[in-house]
Amino acid sequence: RDRDRDRDRDRDPGNNRRNRSRSRSRERDRGRAKSSSSSSSSSSSSSSSSSSSSNKAPKKRKLSAMEAIMLENEKKKAEQRAREEAERDAAHTQKVTETKLENWIFEGIVVKVMNKQLAQGAYYKEKAVVIKVIDDFIAEIKTIKSGHVLKIDQDELETVIPALGGAVLVVNGAYRSKKATLHSLQTESFSCTVELKSGKQIAGIPFEDVCKLA
């Protein structure tokens, strides 16, 4: 039988060529599959490496000598500005103290009566408008509620603070007699910030130095 098969193969050389061709084709397919697998593995490894490197936080760049000097100069300038601002505030406070006068009443301001004995306390804490100033310290007032006209010493009166945005008169200090608008209140320090007609804001004015305008 073996001799018969050998004879058959010898008789059909075309069949032998086809077998050899199929064998080479299978070998080429296996080679391509290995190459594709290797390429895919390499690509996956490269992608993984790239992803891990992109997730790393960038290192902080060390400042150059010139940048360090510039940063230090900016810090010194900021400190200098802060000192100058503190000195200006101190100078302003001193100026306010020096310019404060004993009398503070002006015509046209709204005041509150604080005399408990006057008319047996009938006018206590009632608001009134100053209609005339006599000898700097005596005010002629007209009460808002009852319409009564009284003469009273300024020591028995108190300034009235309006709602925010209300018109006020600075009655003492560096900005005495200046009309303004009440901008904000600092209740912890019993002071306020006002805005002058020029648009300039003045902070830290004591409540007693500002009064509502009628």
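This is a predicted model: local features need pLDDT of at least 70, side-chain atom pairs count only at pLDDT 80 or more; totals for chains, interfaces and linings use all residues.
Reader: How many bridges join strand β7 to β8?

Author: Two strands pair if DSSP finds at least two bridges between them. β7 covers residues 179-186, and β7 and β8 run antiparallel. The bridges joining them number six.

Reader: Which residue takes a positive phi in the hairpin of β7 and β8?

Author: This hairpin has four residues between the strands. The positive phi is near 55°, and the residue is F190.

Reader: What is the bridge partner of S191 in β9?

Author: β8 also pairs with β9 (residues 201-206), in the antiparallel sense, over four bridges. In β9, S191 has as its bridge partner P206.

Reader: Why is strand β8 described as largely enclosed by the rest of the structure?

Author: Buried means under 20% relative accessible area, with a 1.4 Å probe and protein chains only. β8 spans residues 191-196. It is largely enclosed because, of its six residues, the number buried is five.

Reader: What share of the residues of the protein count as buried?

Author: The protein has 214 residues. The share counted as buried is 23%.

Reader: How many residues does the largest nonpolar core have?

Author: A nonpolar core is a set of buried Ala, Val, Leu, Ile, Met, Phe, Trp, Tyr and Cys residues joined through side-chain atoms within 4.5 Å. Among those with the most contacts inside this one are W104, I141 and L157. Strands β1, β2, β3 and β4 each supply at least two of its residues. The core's residue count is 18.

Reader: How many residues are in the second, separate core?

Author: This core includes L182, L196, I202 and I205. Its residues number eleven.

Reader: How many helices and strands does the protein have?

Author: Helices are DSSP runs of H or I, at least four residues. Along the sequence the pattern is α-α-α-β-β-β-β-β-β-β-β-β-β. The protein has three helices and ten strands.

Notes. Residues are numbered from 1 along each chain as its sequence is written. Side-chain values use heavy atoms; hydrogens and water are left out. Buried means under 20% relative accessible area, exposed over 50%, partly exposed in between (1.4 Å probe, protein chains only).
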